[in-house]
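My entries follow in the order in which I looked things up.

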Amino acid sequence: MIIQPKTRGFICTTAHPEGCASQVQRQVDYVKSKPAIDGPRNVLVVGASTGYGLASRIVSSFAAGANTVGVYFDKAAEGARTASAGWYNSAAFEQAALEAGRKSYSIVGDAFSDEIKAKTIDLIKTELGQIDLIIYSVASPRRTHPKTGEVFSSVIKPIGDTYSAKTVNFHNGEVSIATIEPATEEEIRQTVAVMGGEDWQMWIDELSAAGVLAEGATTVAYSYIGPEVTHAVYREGTIGAAKNDLEATALRLNKQLGAAGGRAFVSVNKALVTQSSSAIPVVPLYISALYKVMKENGTHEGCIEQMYRLFSERLYSGTPAAVDEKGLIRVDDWEMRPEIQAEVAKRWEELTTENVYELSDLEGYRREFFQLFGFETDGVDYEADVNPDVQIPNLR
Ligand code: NAD
């Protein structure tokens, strides 16, 4: 079939297998062009199919030569419906990893469930024995609690006061003011239950109880802080409350794993175009301004550059990972440089519908959004007939 993008707001309901494969190959090529990392041997990535989780899996496999297990929630093609982008990404990743002689396995399902945790543990036992790195990179709008069955939904809202700020429709460049009412206590509780640290803790407890954590194992989850202009809706809002919980979980896990020489960290990453970040009001306009400033400054990075730097310079540099006063790894350091933030803040004040394509990299944002789904990728013939039914080689 001929596959075209079909968008509804910040969701694209189709994905292109060859475009996704090409995007994955670009990341693999980047990593192969860099020095190898003396890093982990057997890695579990929970939330492995897109964004930061996929990039972590690629760095593990192609820079450190590790075997990987990826857990993710994606759909295969069915009838006239294409598979999701994460499905095509994972198929391409796994093919490349196997060709390079690395073991690679996929488990598709709900990472929050007991069933998927048990299945993952069985797979590790039979195929890898133990794992020495666990990346937790799940971003989800919903979670069913495995013990109580309660279904939680996360919301992106400020806490306390109504918040208004500029936002953009990245399809047509219209800049407007988004106004978001504050969250209720119940919405805060539910968002923390979805995006906080409880599920990460459950994974580590269950892996540990099953004896599949290697001595000295490391675990990392991802967080974001960002600029003043997004604080009310992000860091000091409902998602920020969840991130505080995630960061507190890292401190607890660090003690727990520390007894056997292990480590737990939260890494604060840069704001980037992913399926999750495009759903947050205000953030896409900030990212567009940030991209423009960082590209001009020569310090722009995507997910793969960020994750290569995290592994090579922080987690596996041979010296203890540098952390800030809260114990957080900061690979958002280039984004947060005062001169970058000052320039973004200056442009932010001036941004309107009339000048958005000059003052910000909105065109770059829009293009990267479509590339997340395998579209607008150089070298791919979008007029050609393509088979949407792609197999993942080691799907368990
Ligand atoms: P993403 O949407 O690209 O990836 C999310 C992953 O989670 C996908 O692999 C998806 O399949 C998986 N997933 C979702 N629900 C699942 C479920 N129930 N079971 C199994 N897998 C599930 O998101 P991302 O932007 O890469 O975010 C990953 C982490 O990085 C999040 O913690 C996010 O807050 C953090 N982060 C993102 C940014 C950013 O700007 N994008 C910046 C800093 C930190």
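I looked up which elements line the second largest pocket, and found that helix H1 (17-32), helix H2 (51-62), helix H10 (303-315) and helix H13 (362-371) each give at least two residues to the lining. Helices here are DSSP runs of H or I with at least four residues, strands are runs of E with at least two, and both are numbered from the N terminus. H1 gives the largest share of this lining, 6 residues.

I note that this is a predicted model, in which local features need pLDDT of at least 70 and side-chain atom pairs count only at pLDDT 80 or more, while totals for chains, interfaces and linings use all residues. Residues are numbered from 1 along each chain as its sequence is written, and side-chain values use heavy atoms, with hydrogens and water left out.

I then took the volume of the second largest pocket, which is about 560 Å³. Of its 27 lining residues, Gln23, Arg26, Gln27, Glu368 and Gln371 are the closest to the centre. A pocket is an open set of points, on a 1 Å grid over the protein atoms alone, where a 1.4 Å probe fits and protein lies on both sides within 12 Å along at least five of seven lines; lining residues have an atom within 4 Å of a point. The volume is the space filled by probe spheres set on the points, which are joined across faces, edges and corners.

Next I turned to the ligand, which is surrounded by 29 residues, with Ser49, Ala111, Lys243, Thr274 and Ser276 the closest; a residue counts if one of its heavy atoms lies within 4 Å. For polar contacts (pairs of N or O atoms within 3.5 Å), I found a polar side-chain atom of Ser49 at 2.7 Å from a ligand oxygen atom and one of Thr50 at 2.8 Å from a ligand oxygen atom. A backbone N or O atom of Ala111 lies 2.8 Å from a ligand nitrogen atom.

Last, I checked aromatic rings of Phe, Tyr and Trp (its six-membered ring), which pair if their centres lie within 6.5 Å and count as stacked if the planes are under 30 degrees apart, edge-to-face if over 60, and otherwise tilted. The count is 11 aromatic pairs. Tyr136 and Trp200 form a stacked pair, at 6.4 Å centre to centre and 25° between the planes.

Terms used:
Polar contact = N/O pair within 3.5 Å; in protein donor to acceptor, adjacent residues only side chain to side chain.
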